[in-house]
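Dear colleague,

I am handing over the structure below, and I would be grateful if you could look through it before reading my notes.

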Amino acid sequence: MFDIEGYYEAKSVEDAVRLLAEHEDAQIISGGTDVLVKLRDGKDAGGSLVSIHEIRELHGVRLQEDGTLEIGPATCFTDLTNDPLIRRYVPYLGEAVDTVGGPQVRNQGTIGGNVCNGATSADSAATLQTLNAVVVLQGTDGIRRVSVTEFYTGPGRTVRRHDEVCRAIEIRPEDYAGFTGCYMKYGKRAAMEIATLGCCVRVKLDQEGRTIKEARIGYGVAAPTPIRCPVTEAALAGCSVEDDRIYEMIDSGVLGEVRPRSSWRASKEFRMQLISEMARRALKEAIRRSLNGEAPGVAAQDGKGGDQAC
Amino acid sequence: METVGKSFTRVDARGKVTGEAKYTNDLMPKDALWAKVVRSTIANGVVKAIDISEAEKVPGVVKIVTCFDVPDIQFPTAGHPWSVEAAHQDVPDRKLLNTRVRQWGDEIAAVVAKDNVAAERAARLIKVEYEEYEPIVTIEEALSEGATPLHPDIRKDNIFVHTSFKTSPDFDYDEAKKRAIEEYGEENLIEVSETLRTPRIAHCHIEVCTSWAYVDTNGKVTVVASTQIPHIMRRVIAQALGWPVGKVRVIKPYIGGGFGNKQDVIDEPLNAYLSIACGGRCVCLELSREECVSQTRTRHACKGVLRGLATKDGKLLAREGDIYTNKGAYASHGHAITAGITTNFKDIMHDEYGCRSDGYSVYTSSAVAGAMRAYGVPQAAFLADCLTDDLCAKGGFDPLKFRMDNCVPPGFVASNGITYYSYSLKECMKRGAEFIHWDEKRRAYANQTGPVRHGVGMSIFMYKVGVYPISLETSSARMILNQDGSIQVELSATEIGQGADTVFSQMAAETTGITMDKVYIISTQDTDVAPFDTGAYASRQSFVTGKAVKKCALELRARILDYASYMLGRPAEELMIWQNNICEKIHTGDAAEGTLHGDGTLQGDGPEASVCAAGTGTGNQAAGEAAENSAEANARKLAFGGSYIDNTRNDGSKGESAKYSAWLDGEVKEYDIHDLPNGEAAILRDTGVEKDVKPGKVLLSMQELAMNAFYSLDRSEHITAEVTNHCKENTFASGCCFVDLEVDMPLGKVKINNIINVHDSGTLLNPKLAEAQVHGGMSMGIGYALTEELLYDKTGRPLNANLLDFKIPTAMDVPELHVEFLEMDDPMGPYGNKALGEPPAIPVAPAIRNAILNATGVSMKEIPMTQQKLVAAFQEAGLI
Amino acid sequence: MLNIVHMWVNGNEVELAHDPRESLLETLRDRLNLTSVKKGCGVGECGACTVLIDGVAVDTCLYLTMWAEGKHILTTEGLKGPNGELNPIQQAFIDEAAVQCGFCTPGLIMTAVELAGTGKKYTRDELRKLIAGHLCRCTGYENILNAMEKICGAGS
């Protein structure tokens, strides 16, 4: 049995906010694949849980009028990977969360938990960074929107306040339309892994497919929090995809923007090697996907999956 | 053979796929109390005081005991047969709970509570005061000047035992090198000097170590445990409690894997003690996965400081090794595993001048090393086969040819007398090389460039069966005829997943003539009723316990035929049991004519007869031979590949000729062995299946016979057989692994494209189960090569003691696994069989390492070859 | 204080008092004696406790019994036919010698049942990924994959 004193099943987000405000010792539980592991380990033992497991409105992916993708935070990884909107517009996000743990964990673990646990090793982290995803937080004081690029304050720490519940993760059309991407996870084995490093590279090419209009590079585990590499991104903009020097640029560029640490899981030197090599490979794949015509337009709300031109 | 050698499905398969097979905790009473062990938070020191006052207040706590409460008795834990010679006894170096703590997580107290939450809360509230010493986690730290001796009452320093083995007493490596320089000239020699390391790893059976204990109404403390060794556990619990063995009872249900970890006694004596301390109430002590990984037993980490010398034309001249193993905090299996590493390192290759290997087992303040699948031989194979390939790389030899020329030869006799009777090691190598396209790939992979490189590698091994003559091999079996003509088979060599129950059933069916569907093996061992056996380890069961099964089956058969003789009024010699019927026996062929005895132990000596009478029955006479043999007279015969030779030992004479068989150049050849070093080594093999006879008319069904035997008003007889077999035979199994892989150097990733194990394990008892065993061993070998390693921080605290961070392979990490066997009857095995359970894990890691060497030219000096280590090595070599 | 959960377990409606601190693993084993549901790690690393919840494979060690309200749970005990007939997947595991110690087996069989239930056919590599949430130390997965391929492999 888990060492908890109180358990509260929230009926709605408002209910969850109220329960959290009422119980200072309480933490949110959604899929349980992080919270219950920590509880079993004796961390937070004797505290309480506010469950948002059964709040249906927090599940699933929806399309807003302006083409923004709204991801319910209680959507489990499997459902996210298989969601038609995700597959069409941000398939690399689905691929990223498809590398979490194993199938059973992906059936339970949620994207909201993956973001809110503040882990730099979260498999969605690098990709969401490149998407400038917005975390919608609802608390006693109302709703606020925080970009994931400003969400993390340190290892395992975020700006989310105790009484705030993540009620959505939003991806705006300007952040996905016209882009392809590639997420690469590096682990010590091929499944049931915490990322030694996660790298997502996304590109938007010009109409002819010759020039990089915009590049975005995100990492997990390359620093205490998930990060972007804005300097290298800027340097890549305007470069020709046929020029092999882009790979050297990304290769060496990212090294100046990351701050990996040595731990027993991997040394800093090893992570630096992976940071370069994976960026190079992810860039290549992202470009290949663009040249293959895989970049989506803006999602149209007609529900037929038709894109608006971008 | 009719039943042995066929791929019957497992007798426990249905129970396991339906989830109905009961494991230890599945049987636990619902009112069991929950125990939590309190573990030290330092790696080396002394507990000065424990304050349980806060912990006792936790609601639900029933009892707290500490290291200051337990009996002042030190006991050994190894799953070894006890030695009646004091010098060979396992070392008693721990108590139920210890004040002197010797590893992070050492057991210092225990809480018993009504549930796990109460027990864990209380455990967290226990305050411990320590006197701390420097942690000594590595071999180097333990051997350094001024290191605290961990067991000053037993050893003055941290060297538990040091042994030295040489191929001949006067061998010295440096002398051999001088001689080689004189003989060949220095310019014609290749020498490699290197230090190689293997890691400490965990078994990771999926069922954790668990038990529940209670005191029965008769006053016996009863422990239901997930163990490989119920009878030994019974003795160890008694030793630990200071109780008579008869007052301890151990029950072993199905177990969810052991791999040697459960060939040790873990916390079961403590659990017995806790139950007694709680007035006999049922207490469950289930270790967490984390405890199970880091606080039970591990595979010995090993360091080998090695040298090897060969001529430039590829002749191995001499080797030496100083081999250090990390025993951890307690003796557990003592020096046995280290000795196994050193002897196996020496024996696997033939050195023209000789070989020396010294083994040091070293106490350290870290997790205890004990038995793990193949008991030191994976380490030995890694040391020997990396040295071999490094010599080959330096000398430009083909590693396959070098091994063909220099490996252990047919007829090899080890210094302790174990003889390599049936030999197909070289044929295994040949087959493995063909499968992997060795020559072609070696050519194709020469002179590669680019970031991704391909390589092929190989490794060989040999493995003795069971523990004789180093230790006792004894085994009992019981068979009972039921009223319907079916039988119960009861043994204590345990089913741990390897398929023992199935092959024992096949053996019983084979030899009795009763069909598999009427053989009921009792899988659960209860030491109050199950006959004695030392348990599941050393790949011994099918060989050692197999002999007991055969002996018992022969005895049961003789009793059945004796009763049939009474019922039918015909001599038993004229009868046989065939598919649950008593039949007339019809003789075919000349050899056997008129020479078979009623106990059925006799065989013909015609060219087709592969077996001869065993010294197990009463009176035997070999067909066509005048010689009278009897077990009492210690008369022995040897049968090899179609012929047999008298090897009469009753006059104490030596020098009888014996033969071994070797599979060479695609055919079986026979060789003489003169002066068998060990008179006890030769015993005849008899499958119990009579050659040159066939069933004739059905005279009586087993069911009719059984009903009569039970209920006859004239002669009621409950037909049973129970035997002990003291096994004094041994032989070697062997085999090899070949692997073809690619290395993505910038990412340090290894992808196995093709892999095969080829095994020389004698006659297969059940080919499909045999193959499955090999798959599992290969997967374990892949983990050993690439990812598995227990890590510690500088305080001695384990870092990765869980299944997420301790990386055993998932289905995505294992390639398609290929297996082949070269079956050759071994004369020592009860059905021509020899060891298979453990060997598959042995050759994989060195084969992968050698393939990486072939691919990249980088000679990795340690496993696991993690991605990080590979990247560092490739960077150092300027490859990336 | 005990809570009452209403759920369907192996087709039977169950109303059960349980401790709100229990995992579904504990409830199924300790209160319903469904001991095919094995505990190997308690933290979702081994997959031995896998059951289907509304048709989806879940590690019950990380699933609170509270969440099972109204759910349909299927364990290995629920696969047998009325006369003890085995599910084809169970038979395939027997025939392919995919069982050794048997501890991971019920969990793997439940994942196989989930996959067979989709009606899709899977390649061997897809199957590897789909069973990667189950650790097995005995088999190297080879025969497990063979058994699953028989039922839901691309070639079956």
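Two strands are said to pair if DSSP finds at least two bridges between them, and helices (H or I, at least four residues) and strands (E, at least two) are DSSP runs, numbered from the N terminus. Please keep in mind that this is a predicted model, in which local features need pLDDT of at least 70 and side-chain atom pairs count only at pLDDT 80 or more, whereas totals for chains, interfaces and linings use all residues. Residues are numbered from 1 along each chain as its sequence is written, while chains are lettered from A and ligands numbered from 1 in the order in which they are written.

I begin with chain B, where strand E17 (residues 452-464) is joined to strand E32 (residues 732-744) by 13 bridges, the two running antiparallel. Within this pairing, B:Ser459 has B:Cys737 of E32(B) as its bridge partner. E32(B) and E33(B) form a hairpin with 4 residues between them, and in the turn B:Gly748 has a positive phi of about 65°. E32(B) is largely enclosed by the rest of the structure, because 11 of its 13 residues are buried (a residue is buried if 20 or more other C-beta atoms lie within 10 Å of its own, with C-beta atoms placed from the backbone).

Turning to chain C, the domain assignment gives domain 1 (3-79) and domain 2 (88-152), with bounds that come from an automatic or database domain assignment. The centres of these two domains of chain C, taken over C-alpha atoms, are separated by 21 Å. Their contact takes 16 residues from domain 1 of chain C and 14 residues from domain 2 of chain C, where two residues are in contact if their C-beta atoms, placed from the backbone, lie within 7 Å. On the side of domain 1 of chain C that touches domain 2 of chain C, strand E3 (50-53) and strand E4 (56-59) of chain C each supply at least two residues, and E3(C) gives the most, with 3 residues.

Chain C also touches chain A, in a contact that takes 24 residues from chain C and 22 residues from chain A. The elements that give two or more residues to the chain C side are E4 and helix H4 (124-130) of chain C, and E4(C) gives the most, with 4 residues.

With best regards

Definitions and conventions:
Buried ≥ 20, exposed ≤ 12 C-beta atoms within 10 Å, placed from the backbone.
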